[in-house]
Amino acid sequence: MSWSEFYIIVSGLITLVLLIVAFPWLRNKNHAKQDSLSNTQIVRQRLAELDREVQEGLISEHDKRQAVDELKLALVDESAFESHKTGNAKLPLAIGAVLAIACGVIVYTQVNQMDRVAQASQAIEALPELSQQLASGNANNLTQQDIASLALAIRQRLREEPEDDTGWMYFGRLMLSIGQEVQAIEAIDKAVSLAPSNSANRITLAQALMTTGDVNNLERAQSILLGLLNDNPANDNLALMMAVVSAQLGDLENTQRFYKQVEGKLPADSDMAQRLVARIKELQGNTSEMVALQNTGAEITDTSTAQNAISEAKTGFKITVNLSDDANTKAPKDGFLIVFAQDAKSDNKMPAAVVKLPIDDFPVSVTLTTENAMMPQFTLASLSDVVVTARLSEDGNVAVSSGEWQGSVNARVTANTLSSLSVIIDKEL
């Protein structure tokens, strides 16, 4: 609704109220005038009847004059009464108008939401500067107030221009920067559907899908990247992303293929290169073991590998999960309890370890170790500081959904030790 429409509606409502207030007073005034005319006509009719009665000899002239005098006195008395009854009503109307205006002003000041209107106006004014900061990759420097203002301004702009793919992309990036993967993917999806030929939008969508760690999302990201690489096979950035997502999915063929494309172009001490190499070796080892098991039915008997696995499995946490009073009342009673750990020193949102259990009576004890890793080369043993989160989810997805509850705590990883930890679920998402 525009301000012009608002002013027109308010003016119409004020006019209607004034008419409602004035209508009874005008109606009573007209009734008083009609009553006065009616009484005069009755007096004239009675005088004519008196003249007729005198002519017919029914009454004398003395009786006639006496009756006429009585009629005149009655008419004068009634006129004085009507004059007093229909006296000046300006003072009551003025008092009523003042009270009505005062009440209206008080009510309006309580419910007008002008603070939020002003906040929305300020957010729209700050939109270009904040959008530039977001587009330049400096989203981490945005304060909570900046994020709220930017989200409000972008939503307002998208309400007016729902076909603006750039606006949807900005909103998706903003949600992605604060960890709202579900909303981010929905917004970026919208931008891609509005501008399907924009490869930058599709790359951003693939990146957003990769941050969730969900298998379905990873498969979709792989499909998008394959399409982009078909159009631009020499793009090393796309090849590296393809190698990473294939490694996450356990796709050895594509991991090797696209890692070879970028292998000589990555720094020798690159953490990403080391992880990809370790993952390829892991996948190759798993393939060899599967072949050996199928052919001979033999078991893995490498003593040193088994000992390392046992030692690594001891690294993790024994976690006691409980609910706050508010969560105990409002949190979902059906679904899953998801406990996961993320690196506290990087922007990598992929969990290093995840455990998913059906929601049960609280408190609940959960063991989270290197055995619960999503990727063999990215485990709790490879981290020093983590954020451990316990989340109540109805759909069982690690990605955030509306109505879920969670609690988080920072913890230090101690090698070969199961540290005790307590997490209280107390925040609604």
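My entries on folds, surface and charged pairs follow.

**Ground rules.** I worked from a predicted model, where local features need pLDDT of at least 70, side-chain atom pairs count only at pLDDT 80 or more, and totals for chains, interfaces and linings use all residues. I numbered residues from 1 along each chain as its sequence is written, and side-chain values use heavy atoms, with hydrogens and water left out.

**Overview.** I looked up the secondary structure and found 14 helices and 8 strands in the protein chain; these are DSSP runs, H or I of at least four residues for helices and E of at least two for strands, numbered from the N terminus. Of the 429 residues, 32% are buried (under 20% relative accessible area; exposed is over 50%, partly exposed in between, with a 1.4 Å probe and protein chains only). I then checked contacts (heavy atoms within 4.5 Å): among those between residues at least 6 apart in sequence, 60% join residues at least 24 apart.

**Surface patch.** I noted a nonpolar surface patch of Ile-9, Leu-13, Leu-16 and Ile-20, with about 390 Å² of accessible area together. Such patches take residues with over 30% relative accessible area and no salt bridge, joining nonpolar side chains (Val, Leu, Ile, Met, Phe, Trp, Tyr) within 5 Å and like charges within 9 Å. The areas come from the Shrake-Rupley method with a 1.4 Å probe; for residues, only the protein chains shown count as cover. Ile-20 sits in helix α1 (residues 3–55) and is exposed at 54%.

**Salt bridges.** How many salt bridges does the structure hold? I got 7, each a side-chain nitrogen of Lys or Arg within 4 Å of a carboxyl oxygen of Asp or Glu.

Arg-220 meets Asp-189 at 2.5 Å, N to O. Arg-220 is partly exposed at 35%, and Asp-189 is partly exposed at 25%.

Asp-231 and Arg-202 form another salt bridge, at 3.8 Å, N to O. Asp-231 lies in helix α9 and Arg-202 in helix α8 (residues 199–212), so the pair ties together parts 29 residues apart in sequence.

I also checked Asp-385 with Lys-345, a salt bridge at 3.2 Å, N to O. Asp-385 is in strand β5 (residues 385–393) and Lys-345 is in the loop between β2 (336–343) and β3 (353–358), 40 residues apart. Asp-385 is buried at 14%, whereas Lys-345 is exposed at 61%. Arg-412 joins Lys-345 and Asp-385 in a network of salt bridges.
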